[in-house]
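Subject: Model for your review

Dear colleague,

Please find below the sequence and the structure that I promised to hand over. My notes on it come after the structure.

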Amino acid sequence: MPRHLYYGGQWEAMNPANSMPLQPNQRRAPGQKEELPTFRQVSSIPKAGTDETWVYPSQQMFYNSLVRKNKADDVTEKDMAAVVTTHNAVNEGTWARLLQWEQAYGRLFPGSSKDEPRLLHFRGRPHDLSPKARLKKLLGYGQPFDRHDWTVDRGGREMRYVIDFYYDDAASESNRWPFYIDVRPALDSPTALLLRARMLLHDMLGAGDAASNPVPSRHAAAQDSKH
């Protein structure tokens, strides 16, 4: 059942798969000064239960989302092209890292389903620190500016992934990619625990894996979520 949210003078049904309006809101936001494009970029992320991929929000939809969440005070319509481009790139990077875990699962359980992993649903949890993020914070590292939980379906097998997003000011100042994306299976099952233990051993032996980025620098600071 979709839940409903009051926005712009009316109630809107919300999609439980992504916490966005069930009917894409391409209307101008209250107080919006300039027109924004309504074009939506198609992602590379397969959508569970369909033969399609997920579609990213348009600049207008993204701006409406920021207004709905009371996060539009420090952005203007002119910022939205860069914001949406960054949002889409970060999500593509997240999916690429998640697929490396899915490939590791296939190597660990060679008899498992050969179906393509597909994203079933996702949830933003910016105010809920994961245990790993809480530990890093205690050790003096930066706090993630956002957290997502993504659930993947692969031939009827569902696995939830926890994703912490960090922003590294030092990397940004030196014109390097400033986003650090920490993706790993949620510890919801013995299988997830075994998979994470194997990946940890893999890293300790020096093989490394792009699904596990270096620990963010102490300059990594909490930022308002832009995705």
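This is a predicted model: local features need pLDDT of at least 70, side-chain atom pairs count only at pLDDT 80 or more; totals for chains, interfaces and linings use all residues.

Residues are numbered from 1 along each chain as its sequence is written, and side-chain values use heavy atoms, with hydrogens and water left out.

**Overall picture**

The protein has 5 helices and 9 strands, taken as DSSP runs numbered from the N terminus (H or I of at least four residues for helices, E of at least two for strands). Along the sequence they follow the pattern β-β-β-β-β-α-α-β-α-β-β-α-β-α. Of the 227 residues, 44% count as buried, where buried means under 20% relative accessible area, exposed over 50% and partly exposed in between, with a 1.4 Å probe and protein chains only. Among contacts (heavy atoms within 4.5 Å) between residues at least 6 apart in sequence, 58% join residues at least 24 apart.

In strand β7 (residues 146-154), 9 of its 9 residues are buried. Asp146, His148, Trp150, Val152 and Arg154 point one way from β7, and Arg147, Asp149, Thr151 and Asp153 point the other way. In a regular strand the side chains alternate between the two faces of the sheet. Strands are taken to pair if DSSP finds at least two bridges between them; by that rule β6 (residues 118-124) runs antiparallel to β7 and is joined to it by 6 bridges, with Thr151 as the bridge partner of His121. On pairing with β8 (residues 157-167), β7 is again antiparallel, over 9 bridges, and here His148 has Ile163 as its bridge partner. The hairpin of β7 and β8 has 2 residues between the strands, and Gly155 takes a positive phi near 60° in it.

**Nonpolar cores**

A nonpolar core is here a set of buried Ala, Val, Leu, Ile, Met, Phe, Trp, Tyr and Cys residues joined through side-chain atoms within 4.5 Å. The largest has 24 residues, and those that touch the most other members are Ile45, Trp95, Leu98, Trp150, Tyr161, Val183 and Leu195. At least two residues of this core come from each of α2 (80-108), β7, β8, β9 and α5 (190-204), and α2 gives the most, with 7 residues. Apart from this core lies another of 10 residues, including Ala29, Val75, Val83 and Val84.

**Aromatic rings and charges**

Rings of Phe, Tyr and Trp (its six-membered ring) pair if their centres lie within 6.5 Å, with planes under 30 degrees apart counting as stacked, over 60 as edge-to-face and the rest as tilted. The count by this rule comes to 8 aromatic pairs. In one of them, Tyr105 and Phe109 have ring centres 4.9 Å apart and planes at 40°, so the pair is tilted; Tyr105 is buried, at 9% relative accessible area, whereas Phe109 is partly exposed at 28%. The rings of Tyr166 and Tyr180 have centres 5.1 Å apart and planes at 50°, so this pair is tilted as well. That pair links distant parts of the chain, with Tyr166 in β8 and Tyr180 in β9 (residues 179-185), 14 residues apart.

The charged end of Arg157 sits over the ring of Tyr105, 3.8 Å from its centre, by a rule that asks for NZ of Lys or CZ of Arg within 6 Å of the ring centre and within 35 degrees of the ring normal.

Kind regards
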